[in-house]
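Subject: Structure handover

Hello,

Here is the structure I promised you. Please open it alongside this note, and my findings follow below.

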Amino acid sequence: MKQILLSLLFLISGSCWAQSATGYFDKAMKKAEAGNTKGAIDDYTRAIKMNSKFGEAYQNRGVARLKLNDLKGALEDFSKAIELDTMNTDAFTGRANVNYKLMNYREAIDDCSACLEMNPRDYVAYNLRGLAYNKTGDKKNACKDFSKAIELGSQSAIKNRATFCK
């Protein structure tokens, strides 16, 4: 009887220590906010292992990987987040940013365009698409996007328009 009680006590206390996918996600968010990017990636990974359809964890891990310049990992995470939720505009913008850094300008333009179809007020997507258009030599569309981004409140687009639209 004593062994059964000890076993039950051990099982109950063990379950208190068990983390859920959302628990790891919450820990990761706190670590990311505190600047512990690698720790956040570890906890996002644990959350994903517990729930392979946790799109927000993929997206946030993509942001963290991008911060550490792990472009391949970030691209995979943003793509998975989009696969799980085709309406995730932040994941499209994140993947566009990675594609831009990888000099995949056409893919960056496509991702920004997909984002803007869903959220036509996303000035980040307009500004980034303008930068990608500029890299492909399409100055007309670049300047048009910078102007739209400025109209929507982008400060960095002001500099980009002044630099690239003379």
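Helices here are DSSP runs of H or I with at least four residues, numbered from the N terminus. By that count, Asp145 sits in helix 9. I come back to Asp145 below. Please keep in mind that this is a predicted model.

Overall picture

The chain has 10 helices and 0 strands. Read along the sequence, the pattern is α-α-α-α-α-α-α-α-α-α. Of the 166 residues, 42% are buried. Among contacts with a separation of 6 or more, 42% join residues 24 or more positions apart.

Confidence

The mean pLDDT of the chain is 91. A value of 70 or more is reached by 89% of the residues. Residues 5–17 are another matter: their pLDDT is below 50. Beyond near neighbours in sequence, that stretch makes 0 contacts in the model.

In the model, residues 55–88 are 79% helix and 0% strand. The end C-alpha atoms of that span lie 9 Å apart. Residues 123–156 are 82% helix and 0% strand. Here the end C-alpha atoms are 10 Å apart.

Cores

The largest nonpolar core holds 34 residues. Phe25, Tyr44, Ala47, Phe54, Ala57, Tyr100 and Ala132 touch the most other members. The elements giving two or more residues to this core include helix 2 (21–33), helix 3 (37–50) and helix 4 (55–67). Helix 8 (123–136) and helix 9 (139–151) are also among them. There is a second, separate core of 5 residues, including Leu66, Ala74, Phe78 and Val98.

Take Ala47 in the largest core. Leaving out residues up to four places away in sequence, Ala47 touches Ala21, Tyr24, Phe25, Phe54 and Ala57. Phe25, Tyr44 and Phe54 form one aromatic cluster. The whole structure has 4 aromatic pairs.

Helix 5

Helix 5 has 14 residues. From its first C-alpha to its last, helix 5 reaches 20 Å, close to the 20 Å expected at 1.5 Å a residue. Its buried residues are Leu71, Gly73, Ala74, Asp77, Phe78, Ala81 and Ile82. What do the buried residues of helix 5 pack against? They pack against helix 4 and helix 6.

Two residues to look at

Is Asp145 buried or exposed? Asp145 has a relative accessible area of 3%. Buried means under 20%, so Asp145 counts as buried. Not counting residues up to four places away in sequence, Asp145 touches Tyr126, Arg129, Gly130 and Tyr133.

Leu152 lies in the loop between helix 9 and helix 10 (156–164). Its relative accessible area is 14%, so Leu152 is buried as well. Neighbours within four places aside, Leu152 is in contact with Pro120, Arg121, Asp122, Tyr123 and Tyr126. Leu152 and Tyr126 are 26 residues apart along the chain. Their C-alpha atoms are separated by 9.3 Å. Tyr126 is also on the list for Asp145.

Best wishes

Definitions and conventions: Residues are numbered from 1 along each chain as its sequence is written. This is a predicted model: local features need pLDDT of at least 70, side-chain atom pairs count only at pLDDT 80 or more; totals for chains, interfaces and linings use all residues. Side-chain values use heavy atoms; hydrogens and water are left out. A nonpolar core is a set of buried Ala, Val, Leu, Ile, Met, Phe, Trp, Tyr and Cys residues joined through side-chain atoms within 4.5 Å. Buried means under 20% relative accessible area, exposed over 50%, partly exposed in between (1.4 Å probe, protein chains only). Contact means heavy atoms within 4.5 Å. pLDDT is the predictor's confidence in each residue, from 0 to 100. Rings of Phe, Tyr and Trp (its six-membered ring) pair if their centres lie within 6.5 Å; planes under 30 degrees apart count as stacked, over 60 as edge-to-face and the rest as tilted. The expected span of a helix is 1.5 Å times one less than its number of residues.
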